Amino acid sequence: MRRRISAIAVTAMAAAASLALVQPGSALAQGPGQVTGLQAVQGEGFATLSWDPVEGATDYQIERTPVNAADEVTGSARIVGLWQPTRTVRPDAPTFADSGFVLGERFRWRVRARFDTTAQAFSEPVFGTTVPQWGEGPGASMRTQFEQTNGAQYTSDLNEYAYTAALDAASDRVRVVEIGRTVQGRPINMMIFGNPEPLPSAARISATPTALIQCNVHGNEPSMREACLILARRLAFSDEPDVLASMAGRTILIVPTLNGDGRAADTRGNIHGQDLNRDHSLLREPETKAFAAMLRDYTPDVAVDGHNGDSEDLPVLGPRHLNVHEPVYAEIKNNLIESRIYGNAAAAGWWAGPYSNGGASQETILRNTFGLKSILGILSENRGGAGPTRPGATAAENENRKSYGQLWLARQLLDYHRESLPAIQRLIADSIAFQRSNEGPVVFRGAYPWPPFPPLLSAPDVDAPTPELTLEDPPCGYFLTPQQFAGANPDGTVERRLRLHGIAVERAPGYVAGGNGYLVRLGQPLRGLIPPLLDGQAVEPMVAGTRLYEFQPSADGPVLCGRPA
Ligand SMILES: [Zn+2]
């Protein structure tokens with residue numbers, strides 16, 4: 001809340017400064033196309049500009065000019081953004097989140113409407129000092145490499161380890177644990193936050209409300225990672241009411257860098273070239289193995305997986321795999337994304353929309369794996385480079401804008417967890433019960449719909465289910481031979497990888513091919529993940545198990561899914 005109070009104070013100052021510049025009679029000079037009502041409210045790493053809409057305007061240009069404390073211009077004016085009414089759920093209430101500047105600097109902003117491409121007169125200016133980098137208490141002196149260079153450099157692996165270790169040492173609220181190692185041996189750390197201190201074990205955390213931020217899986221997409229490290233300092237040291245509330249009776253997990261080797265090499269994949277966000281079901285790599293075990297042990301309620309790409313400021317997408325419990329998909333799409341995130345983004349001035357660069361129903365993608373594990377999780381992207389609506393002058397300006405946009409998004413997830421917890425917990429319980437019931441068809445691939453919204457955007461893939469990728473009458477389980485289950489495998493045994501997911505396996509009597517083996521029932525919490533992993537008809541199976549049905553006699557006897565007839 002302190003952030004908001006200071007923002008209001010700055011706005012009041014800006015309004016006073018603006019009023020002082022307005023000469024008597026200037027209102028009469030306004031043309032019909034001139035923007036009025038411009039205001040600036042300072043956020044963390046961005047300033048929300050809002051103004052009254054101009055009748056018939058095609059779009060609006062936002063100008064930012066550096067000024068000194070006396071509001072004298074000290075640098076050149078630049079158009080830093082283009083606001084289009086098609087890019088928001090509130091086209092009649094224009095707002096633009098100006099971002100990319102060096103935090104703490106002071107600016108003059110003006111906005112002008114355009115009719116087609118014909119620019120109208122600029123609005124009266126507003127002035128404001130942007131909110132400096134946050135840091136209080138022991139956090140006052142701690143800054144990441146990214147912050148020290150104002151976005152010109154990403155935080156290195158060594159700087160990340162030193163920074164997170166310093167947070168751990170200075171704050172009782174955070175504990176850093178190593179959840180695994182990358183191929184090249186880099187620690188995969190997780191920061192565990194709680195107030196006054198984090199709960200002591202994964203089991204205790206699993207039994208209580210928990211939110212997860214996964215910050216960097218594609219090594220060349222580091223902006224959420226920087227947001228996570230900045231957020232971590234606030235969680236460690238801030239006494240602001242909303243920060244304390246986000247930790248009240250709950251745990252926040254932050255994994256800054258799942259793909260440390262890829263981050264160090266600035267590559268999408270890990271050092272094997274494997275796209276780790278296409279490996280959250282098969283678990284062929286040490287990084288995804290570690291992450292799956294963490295999900296199994298800590299069972300977060302809500303989660304975000306951070307990336308950057310696509311064309312909006314903040315593209316987001318939820319689980320779409322059809323094996324996800326339908327109310328989970330609907331809650332994330334309708335309530336979390338299209339109501340809360342799009343609505344709040346419109347108020348703050350970010351352009352949010354559905355991520356549309358493919359990736360619909362693959363169970364290998366984390367936002368889908370989250371849903372299949374009854375976690376309410378989303379993908380969060382952002383606009384990778386500069387463009388007409390965000391013509392960042394420098395790479396650092398773009399990186400600042402991306403990371404502070406992701407910081408805003410990450411805090412949306414924490415707010416959602418805090419404000420909707422009872423509904424979230426009910427939905428998770430319902431999802432687990434639904435999966436355990438093993439009722440209804442399952443698919444190997446196939447997506448819930450996600451139509452374009454707002455209308456300017458292209459839609460995500462349709463990816464509708466097809467008959468050959470659907471089991472209308474699912475089996476009660478899969479039989480695996482000892483060789484299938486425990487046989488040597490360069491990706492790790494099936495036994496180990498199912499255990500990392502937390503998929504329950506039973507020893508089964510030998511009714512297939514005359515030998516003993518193993519039974520994986522569908523009626524369990526991870527039901528939706530099992531056919532894509534264990535059915536030979538699946539697109540990317542781990543192994544081709546034998547389908548078992550309750551009432552179909554087999555050649556060797558009537559024992560099916562462990563039930564004697
Ligand atoms: Zn990505």
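1. A residue is called buried when its relative accessible area is under 20%, exposed when over 50% and partly exposed in between, using a 1.4 Å probe and protein chains only. The model is predicted, so local features need pLDDT of at least 70 and side-chain atom pairs count only at pLDDT 80 or more, whereas totals for chains, interfaces and linings use all residues. Residues are numbered from 1 along each chain as its sequence is written, and side-chain values use heavy atoms, with hydrogens and water left out.

2. Overall composition. The protein chain contains 15 helices and 22 strands; these are DSSP runs numbered from the N terminus, with helices being H or I of at least four residues and strands being E of at least two. Of its 565 residues, 58% are buried. Contact means heavy atoms within 4.5 Å. Among contacts in the protein chain with a separation of 6 or more, 74% are between residues 24 or more positions apart.

3. The zinc site. H218 (ND1), E221 (OE), E221 (OE) and H307 (ND1) are the protein donors of the zinc ion, at 2.0 to 2.7 Å from it. Donors here are N, O and S atoms within 2.8 Å of the metal (3.2 Å for Na, K and Ca); water is not among the atoms, so sites may look incomplete. The spacing of the donors along the chain is H-x2-E-x85-H. E221 belongs to the loop between strand 11 (210–214) and helix 5 (223–237), and H307 to the loop between strand 13 (302–306) and strand 14 (314–317), so the pair ties together parts that are 86 residues apart in sequence. Both E221 and H307 are buried.

4. Geometry at the zinc ion. The arrangement is irregular because the four donor atoms subtend angles of 52 to 156°. By the criteria used, four donors count as tetrahedral if all angles lie between 85 and 135 degrees; four count as square planar and six as octahedral if opposite donors are over 155 degrees apart and all others between 65 and 115; anything else is irregular.

5. Five of the five residues of strand 13 are buried. V302, V304 and G306 lie on one side and A303 and D305 on the other, so that both faces are covered. Strand 13 pairs in the parallel sense with strand 11 over four bridges and with strand 16 (residues 376–380), also in the parallel sense, over five bridges; two strands pair if DSSP finds at least two bridges between them. D305 stands opposite Q214 and has L379 as its bridge partner in strand 16.

6. Strand 10 and its partners. Six of the seven residues of strand 10 (residues 187–193) are buried, so this strand is largely enclosed by the rest of the structure. Strand 10 pairs with strand 9 (residues 174–181) in the antiparallel sense over seven bridges, with V177 opposite M190. The two strands form a hairpin with five residues between them, and G185 in the turn has a positive phi of about 90°. Strand 10 also runs antiparallel to strand 12 (residues 251–255), to which three bridges join it; here I192 is partnered by L253.

7. Nonpolar cores. A nonpolar core is a set of buried Ala, Val, Leu, Ile, Met, Phe, Trp, Tyr and Cys residues joined through side-chain atoms within 4.5 Å. The largest has 84 residues, and F193, I254 and L498 have the most contacts inside it. Not counting residues up to four places away in sequence, F193 touches a set of residues including V174, L235, I252 and I254. Another core, of 22 residues, lies apart from the largest one and has A202, V217, V255 and L295 among its members.

8. Y329, in helix 9 (residues 326–348), is buried at a relative accessible area of 8%. Leaving aside neighbours within four places in sequence, Y329 is in contact with P319, V324, Y448, P449 and W450. Helix 11 (residues 395–419) reaches 36 Å from its first C-alpha to its last, close to the 36 Å expected at 1.5 Å a residue; the expected span is 1.5 Å times one less than the number of residues.

9. Backbone points to inspect. The peptide bond from N195 to P196 is cis, with omega near 10°, and P196 lies in the loop between strand 10 and helix 4 (202–206). N150 has a positive phi, near 50°, and is partly exposed at 29% relative accessibility.
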